[in-house]
Amino acid sequence: IMPGYDRALRAAVELNLVRFNQLSQSKDTSGAVRTQLQDALQKAISNGLSAVSSDSNNYQNWLTLAGAYQQLAGVQVSGAYDNAKKAYEQALAANPTNPLPYLQLAQLAALQGDIAATRAYLLEALNKKKNYADAYYLLSQLEVSEKHLTEALAAATSAVQSAPSESLLWVQYGVIAYSLEKYTEAASAFEQAVSLNGNYANALY
């Protein structure tokens, strides 16, 4: 009905990636499944390229394409990391005040084990949006991986202040506080998580 409709193409990419994730969780490792995995990713890239070709000024199209390339980067496909990074940079060029591309660039850098770039992108995301809970959460994880627990707790604190209704953030805060032997704070955080989600097994544990 409307060839080149970028919104539909973005939706197609998401469906292709859902299909890829479903297949990747299958216990079937036959050649047929591997072919289907490859086909799902190829279709995701093709639809993403069609979306940016349809409207290269729409940052959402670039983000969708970058997400498809990031999936490839996650399974160590050659060139996928560079293509994902370029697509995220195009998204920033189209919408320079949006913090989301910086967050996703941080996630991409983390996939590559580039700690310095991950931190730099997260700080840039937070510079664009001071109360960006997702960025604080990833920053807290980064600081934990570097064994900077005091800094990790500060980031986790900012995360729960930014999004107090997110139980995952309270669990993250509690785990870090527990590691610092701040047991009262940890207990309160886990209780808060349970109050938000009574079936949260990790928080209950």
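I began with Lys 43 and Asp 39, which are four residues apart in helix H2 and therefore separated by about one helical turn; helices here are DSSP runs of H or I with at least four residues, and strands are runs of E with at least two, numbered from the N terminus. The model is a predicted one, in which local features need pLDDT of at least 70 and side-chain atom pairs count only at pLDDT 80 or more, while totals for chains, interfaces and linings use all residues. Residues are numbered from 1 along each chain as its sequence is written, and side-chain values use heavy atoms, with hydrogens and water left out.

**Salt bridges**

I noted that Lys 43 forms a salt bridge with Asp 39, the closest N and O atoms being 3.3 Å apart; the term requires a side-chain nitrogen of Lys or Arg within 4 Å of a carboxyl oxygen of Asp or Glu. Lys 43 is partly exposed at 44% relative accessibility, and Asp 39 is also partly exposed, with a relative accessible area of 33%. For these words I used a 1.4 Å probe on protein chains only, with buried meaning under 20% relative accessible area, exposed over 50% and partly exposed in between.

I then found that the structure holds three salt bridges. One of them joins the side chains of Asp 6 and Arg 10, at 3.6 Å from N to O. Both residues lie in helix H1, four residues apart, about one turn of the helix, and both are buried.

I also looked up Glu 143 and Arg 119, whose side chains meet in a salt bridge at 2.9 Å, N to O. Glu 143 lies in helix H7 (residues 133–145) and Arg 119 in helix H6 (residues 115–128), so this pair ties together parts that are 24 residues apart in sequence. Glu 143 is buried, with a relative accessible area of 8%, whereas Arg 119 counts as partly exposed at 23% relative accessibility.

**H1 against H2**

I next took the axes of helix H1 (residues 6–24) and helix H2 (residues 31–54), which come within 8 Å and cross at roughly 160°. The axes are lines fitted to C-alpha atoms, for helices over the stretch in contact, and the angles run from 0 to 180 degrees between N-to-C directions.

In the contact, meaning heavy atoms within 4.5 Å, I listed residues including Asp 6, Arg 10 and Phe 20 of H1 and Leu 37, Lys 43 and Ala 51 of H2. The residues of this contact divide into twelve nonpolar, seven polar and four charged; Ala, Val, Leu, Ile, Met, Phe, Trp, Tyr, Cys and Pro count as nonpolar, Asp, Glu, Lys and Arg as charged, and the others, Gly among them, as polar.

**H1 against H3**

I found that the axes of H1 and helix H3 (residues 59–74) come within 10 Å and cross at roughly 20°, and the two helices are therefore roughly parallel to each other. Among the residues that meet are Asp 6, Arg 10 and Glu 14 in H1 and Gln 60, Thr 64 and Gln 71 in H3. This contact divides into four nonpolar, six polar and three charged residues.

**Whole protein**

Conventions
Angles under 35 degrees count as roughly parallel, over 145 as roughly antiparallel, 65 to 115 as roughly perpendicular and the rest as oblique.
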